[in-house]
Amino acid sequence: MSDVILEVKDLKKYFPIRSGVFQRTIGHVKAVDQISFTMKRGETLGLVGESGCGKSTAGRTIIRLYDKTEGHVLYNGRDIHQLPPKELRKLRPKMQYVFQDPFSSLNPRVKVGEAIGEAVVDHGLCSKAEIREKVLEVLNICGLAPYHYDRYPHEFSGGQRQRIGIARALILQPDFIVLDEPVSALDVSIQAQIINLLSDLQQQQNLTYLFISHDLSVVEHICSSVAVMYLGSIVEMASRDELFKNPLHPYTKALLSAVPIPDPTITRERIFLKGDIPSPANPPQGCKFHTRCPVAADRCRTEVPVYREVGPEHHVACHLV
Amino acid sequence: MSSTLVEFRNLKTYFYTEAGVVQAVNDVSFSIRAGETVCIVGESGCGKSITAMSLMRLIASPPGKIVGGEILFEGRDLLKIKESEMRMIRGNEIAMIFQEPMTSLNPVLTVGDQIMEPLIEHTLLSKSEARKKAIQLIEQVGIPRADQIIDSYPHELSGGMRQRIMIAISLSCDPKLLIADEPTTALDVTIQAQILDLLRQLKKDRNMSLMLITHDLGVVAEMADYVVVMYAGKVIEEGPVKEIFKNPRHPYTKGLLLAKPVIGQRKERLFTIPGQVPNPIGLGENCHYSDRCEHAMDICRASQPALQKDGADSKVACWLYEGEGAK
């Protein structure tokens, strides 16, 4: 088996903006605009960026919860956006998604045990007789108790609900899981429990994670490599140590400097970005970041920088690097 | 040391629900000095917001009720004055900004109207003077094109801009105390950095006190002079910010600091505090943290430790530092 599990090539996802009586398309929101990367089996890639940068859309398009606009997503060498529905369905259990909000992603009227077991039965991976046993096993792995099987979602705390979300993905024995902000809604002490659970599961089951987050300190902890997104594009990607020690793109630098460090004795040079993120429906010309970039040159306003390799496995899209 | 502006004395705010009494704030005492930033830290449900709402007397009753204690603001007990007197203080001497800039602005009024409202209510300015002042305020909070922005509606602004408008509203009457309840939680990090910088700057220029409620220890380290750590409705530790981070005393504070991943200090495994926050209904006489505490002793399960002086300007509520636990 090849070492590469996922290959994303020039992936684009545009959402049409419709207006008027006839709902004509008057433009596009370029949520994901030509992103490319590869992931090796067993690694964790962090996808970071601010709200609206397209990181969740990227995650969803990669496992074909959304249809792509252009580009390819190769999962174990097969383009999942070209598979016929039957083939795709067979592949579904292998690619799972854990959602950010553990409150709205569970049906309040379905018992937790049934919610976890539903997909396994649906995919015919297990008979109805065995299902309870299987769910109990997964509950145990995720740090929940057997008596939780017959409870409803409202009886659980945020951290427990996130465990349920993870259990739901895990029961299908996936190889690849997209984790969409799995710990952002949780308190610090609970967050640490979930992060450790995710690390343990990854080691035990050789899982590959795409970890979507805006919290750089969590990303540094859990990810082996990191991609930084801005307005639909990846502006920089490198291994974790490289990116945190030697950030090259001005946006990455600003993002890193903006994270508050819990040590009152440290005073840092902080790079302040001016203004807000421009609308992805109408991104700036040239380099999309030039409107907020502290070091923008004339060239940045007109010419789109090429995303290129500047060091070993270190890619960046900036004219000034 | 400068004078005390606000003093909470044994504040108790309870909520009477069908399921039982929630002791949201249970015997909380601490003070805020003039010109000082005090951060209230704790996890969801620990009572930090309710403490602030009690100070503003904004607790919905029923189900909530302030059942005991005093809140002294410049020596006056805010819990004893008449509602009409409280109205003169609220928004005028004490102002508050909330977590959700999306839902705390009125969507059908322009931001200008909303900034002018407290000015017209609390000062003797005419409408046109108030408008001039509002434009100044919008400029002060770092929004360009203030003369145009004043006539826009909240939905036309981004999250960061809305929070700036909230800050402008709160500053309109030059308050002595600004309460900021998770002001940056809903914002992105680069915007958070802007807003925190703005708050720091404004506080310095105006010599206000700032009561900052947050769960983010990074924000605490950056902003606070003094830190109050709450757990299950009680203050469990308080002290100057450097002391809290360098030498945390309570096991919960230690746990919180260890559980947070920090950039540049990567560990193989994060420290975790086992279990979860106890149900706020029917809390017993034990130390509320004893179920999760690695140092729990018999006495912790039997009775509650009091908040005791510990060091020059710090206090801690833990049996490890008194009685038989003290070494």
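First, my burial terms: buried is under 20% relative accessible area, exposed is over 50%, and partly exposed lies in between (1.4 Å probe, protein chains only). By that cut-off, 54% of the 321 residues of chain A count as buried.

Ground rules for this predicted model: local features need pLDDT of at least 70, side-chain atom pairs count only at pLDDT 80 or more, and totals for chains, interfaces and linings use all residues. Residues are numbered from 1 along each chain as its sequence is written, chains are lettered from A and ligands numbered from 1 in the order written, and side-chain values use heavy atoms, with hydrogens and water left out.

Next I looked up the secondary structure of chain A: 10 helices and 12 strands. These are DSSP runs, H or I of at least four residues for helices and E of at least two for strands.

Then contacts, meaning heavy atoms within 4.5 Å. In chain A, 63% of the contacts with a separation of 6 or more join residues 24 or more positions apart.

I also noted the box: the C-alpha atoms of chain A fill roughly 70 × 60 × 45 Å along the principal axes.

Last, cavities, which are sets of points on a 1 Å grid over the protein atoms alone where a 1.4 Å probe fits but cannot get out. I found 3 of 30 Å³ or more, volume being the space filled by probe spheres set on the points, joined across faces, edges and corners.

Technical notes. 1 Å grid on protein atoms, 1.4 Å probe; cavity = no way out; pocket = protein on both sides within 12 Å on 5 of 7 lines; lining within 4 Å.
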